[in-house]
Each structure stands twice: as C-alpha cells, then as structure tokens.
Amino acid sequence: MIDQVKNTDNDIHFIKEEIKSIKNDILSSQERIEQTIKTQEEIIMDMINRFNDELLKHKSTMNEDMEKLKTQQDVLRISYTINEKKLMDKINSSIREVINRRIEGKEIEILMKIWINEFKEIINNFEKLKKLKPKEFSVRLNEISDTIEVFKQKILE
Amino acid sequence: MLVSEINIKLTLLGQWGIGKTSIVNTFIGKDFPVMYIPTIGSNIARKEYELTSNYNIRLNIWDIGGQRSFNPLNPVFFSNLDSAFLVFDLNNPKETLQELLQTYITNLSQHSPECSTYLIGNKSDLLKLEDSEILLNNIRQYQIEGFPIIFVSAKTQDNISEAFSLVIFNFLKKIEKKNKEKQLTGISKRFLESINKTEEDLQHLIINLEEIDPNTLHNKITPTIIKKNVKVAESEVLPLREINDLTKAQEFDVDRSLIKENIINAFKNNLSVISDIIADLKKAPIDSLINNIDKSLEDLANLKKDFELKLDSILELDSNK
C-alpha cells in the first residue's frame, strides 16, 4: 500500500509537473501570441495611420482638384450660356434674313393679306354688335378702331 | 333726326376711260393725270364742309372702276346711294351712253330707287361745234330721261365743283323737306352761302334738251373754257384702249408700277373710310343704331370684296415681273 501511495504521489507529482509544464507552455504560448497580436496590432495601426495620412493627403489634393473642376465648370457654364445665346441670336438672325429675303418687295402685299383676314373676322362678328349692351358696344367699337389704326400705321410705314 | 354730321354717298359709274377718276381728282384738288391708269375696284374720296360749329357735311365719293375684265360688277356698288353720277364721254357719246343703259341704269333703279341721279358728260373741252348735233341726237336717242344733264371737263375743271355742289344742295333740300326739324331749316341756303353761289348758278349747269340746239350748246360750253384761259390740247388725242389683262398693261402704254402705286394708295384710303364708318357708328343715335349697323355692314362687305380685288390685282401685276 505504501508503494501504491508512493507511486500515486509520484504520479501526482509527475502530473503536477506536467501540468506545470503545460501551464508554462501555455503561458509561454500566450505570451508569444500576445506578442504576435501586439506586433500585428502595431503593424495594422501603423498601416491604418499611414492609410489615413495618405487618405488625408489625397483628400486634400482631391479638394483642390474639385475646386479647380468647379471653377472650370463655372467657366464652361458661362461660356456655354454665352455661346448658346450667340447661337440663338445667329439662328434668329438667319431666319429673319431668310424671311426678309422671301418677303422682300412683298411686305405690303403680306400686310394687305393679313388685314383682309382680320377684316373678315370683324365683319363676321359685326351682327353681334346689335346684341351688345352700350358699354360693351363702345368697347368693341374701340377695339375695331384700334385694329384699323395699327394696320393704317403699318401700311403707311 | 339728330344732326351734327350729314353724310352723302355719291357714286360715279360709267365705262372705262371716260374720266371718272379725273373728275374726282379734279374736285378734290389733285392734278389731272398725264396718263390713263385704270381704277381697280373702288376708290373712295371724301370732302368735308363745315357749315356752322354744329354742322358738318361729308361727301363720300365712290369712284367705281369701269374695266369689267378686272372690275366685276358688284350689286353692293348700287345700294344705299344718295346720289349717282352716270358719266359718259362727250367725245364718244354713243358707246358710252349705251354702256350706261345696258350696265348701270337698271341696277341703280333696282338697288337705290330713291337715289338722285345725274347724267354727266365729261370731256367738254374736246367737243367741237360740228359734233354738237350728233351729241344731242345721241342723248335723245338713248332716252336717258329724267336725269339732269351736266357737261363738265375734268381737264379744264369746267363745272366740276359746281356739279358736286349741286348734288349736295339738292340732297340738303331733300332732307329739309323730309325732316321737319328746326335744326335743318335753311341748311341748303346756308350751304350755298358757304360756297358763295346761288341756286340759279347751280341750276344753270343743267342742260335742257328741249330748249338747246347745237349752236347754243357749243356757246354754252366754250366761253367758260376760253374765260379760264386754259389751253386745250391741240395735238391729236390718242384713243384709249381697253386693258383686258393687267399683266399686259405695258403693251397699252400703261405703267404697271403706277397702277400698283394707285392700288396701294386706294387701299390705304379705303382703310380710312372704314375708320370713319366705325367712328360714325359710335356717334349714331340709339333709335337708329340697328339701321346704321346694317347699312355699315353693307359698306364693309363691299369694301372687303374691294380689298380682295385690289390684292389679287397687285399679285397679278407682280406675277409677271
């Protein structure tokens, strides 16, 4: 029995030693891992910091470029507006020129034609004058007079 | 009848080339034209007389083109007329009187039976003694009776203003009789005073066919021309030729650009007439407003056709430049 106990003691001692050794190993591993993690952490942090620095640098450069682009865009916009106006003016001028060429020497005939159409309208609505109240009658006659005056002036021109 | 403005509508009718436009132009103070320019559609001239501060007389003279080829006869020419001059050529009485009988007199009696009509012989400056008898025979033959006959000369201005004055005087006498309103009493007399003439001066114009003979006729006309010291053309008067196609006017020695200018001026002028029609409507008394609107509408419809005819003529003239 004493041998058994002694053996058991030895086993226990051995196991304790083993456990101790394992613990040490674990500790040592843990340390190593921690160290590795720490190192990795440092590396990553360093990377992140560098990345941030780069990012800030780029951002700053980008902002500058953005500003430049915006300025260029504004210039282009203004330039476009001016050119668009010039283009429209040119188009209108060309159209006017073509129309003037087509109607050259016929302005009065065209005016006469427009007057005749206007006059037909006046005549078509003339009977309705009988149904108008005095104030409306007067207004309508004034409208007709004004129309005639406009055409008289145009034809005289 | 509320009177502040008296409008008289007088129309001149007759064959082309007899001097209707010249008569009107002479009356309103324009120069006698150096060449013949056909009237397209109707040209309207106006002359106003201010009798007193309350009265105005406006004579509206419608000169109707006589070339039938581009002046279609519009029945509206004959409606609402107060007076009419049936004009014939003293130098060519037969043909021009025939034209009056065939084309104008029936229309006139149908559309304006109460119109005061006068037979006007133009070109009295060309009348020679030897032609007087033929002339009187022609007038009697065509039996255009019942109308006072007056001989005028647009060229020498002989009897022109007197003939128009007679129209106005007779019209005023008519309305004096019809409307017994106090305001109108004596208006014809006042008119004579304003033009410094007597009733006898004006009645003296009228040729009495029953009393006159060729010698008396010639003596009646000629002294006035001599008195005015007007030189009558000694060179042969070239016969006018009827223009059937406006685009070929140049072949008839008629300047196309002058025809066009005339048309445009008449167009502008007729626009002014519409202004006046509208202005008159504004002043029309309420009790006769409907009537005035109807009358105005007829004139406007006539003018519309006239504008269309003028424009078509201009386009035709331009088409063959």
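How are helix 1 of chain B and helix 4 of chain B oriented to each other? They are roughly perpendicular, as Figure 1 of this predicted model shows.

**Figure 1. Crossing of helix 1 and helix 4 in chain B of the predicted model.** Helix 1 of chain B covers residues 20-28, and helix 4 of chain B covers residues 160-178. Their axes come within 9 Å and cross at roughly 90°. Because angles of 65 to 115 degrees count as roughly perpendicular, the two helices are described in that way. Helix 1 of chain B contributes B:Ile23, B:Thr26 and B:Phe27 to the contact, while helix 4 of chain B contributes B:Ile160, B:Ser161 and B:Phe164. By class, the residues of this contact are 4 nonpolar and 2 polar, with no charged residue.

Figure 2. In soluble globular proteins, nonpolar side chains tend to be buried together.

**Figure 3. Chain B, with its helices and strands.** Chain B contains 9 helices and 6 strands. Of its 321 residues, 37% are buried. Among contacts in chain B with a separation of 6 or more, 77% are between residues 24 or more positions apart.

**Figure 4. The helices of chain A.** Chain A has 3 helices and 0 strands, in the order α-α-α from the N terminus on. The radius of gyration of chain A is 51 Å, whereas the globule rule gives 15 Å for 157 residues; chain A is therefore more spread out than a compact globule. Along its principal axes, the C-alpha trace of chain A spans about 145 × 45 × 25 Å. Buried residues make up 3% of the 157 residues of chain A.

**Figure 5. Contact between chain A and chain B.** In this view, 20 residues of chain A are in contact with 21 residues of chain B. On the side of chain A that touches chain B, the elements giving two or more residues are helix 2 (107-124) and helix 3 (134-156) of chain A. Helix 3 of chain A supplies the largest share, 9 residues. The residues on this side of chain A comprise 13 nonpolar, 2 polar and 5 charged.

Definitions and conventions:
Residues numbered from 1 in each chain as written. Chains lettered and ligands numbered in written order. Predicted model: local features only at pLDDT ≥ 70, side-chain atom pairs only at ≥ 80, totals over all residues. Helix = DSSP H or I, 4+ residues; strand = E, 2+ residues; numbered from the N terminus. Buried ≥ 20, exposed ≤ 12 C-beta atoms within 10 Å, placed from the backbone. Contact = placed C-beta atoms within 7 Å. Nonpolar A, V, L, I, M, F, W, Y, C, P; charged D, E, K, R; others polar. Rg over C-alpha atoms; globule rule 2.2 N^0.38 Å. Axes fitted to C-alpha atoms, helices over the stretch in contact; angles between N-to-C directions. Parallel < 35°, antiparallel > 145°, perpendicular 65-115°, else oblique.
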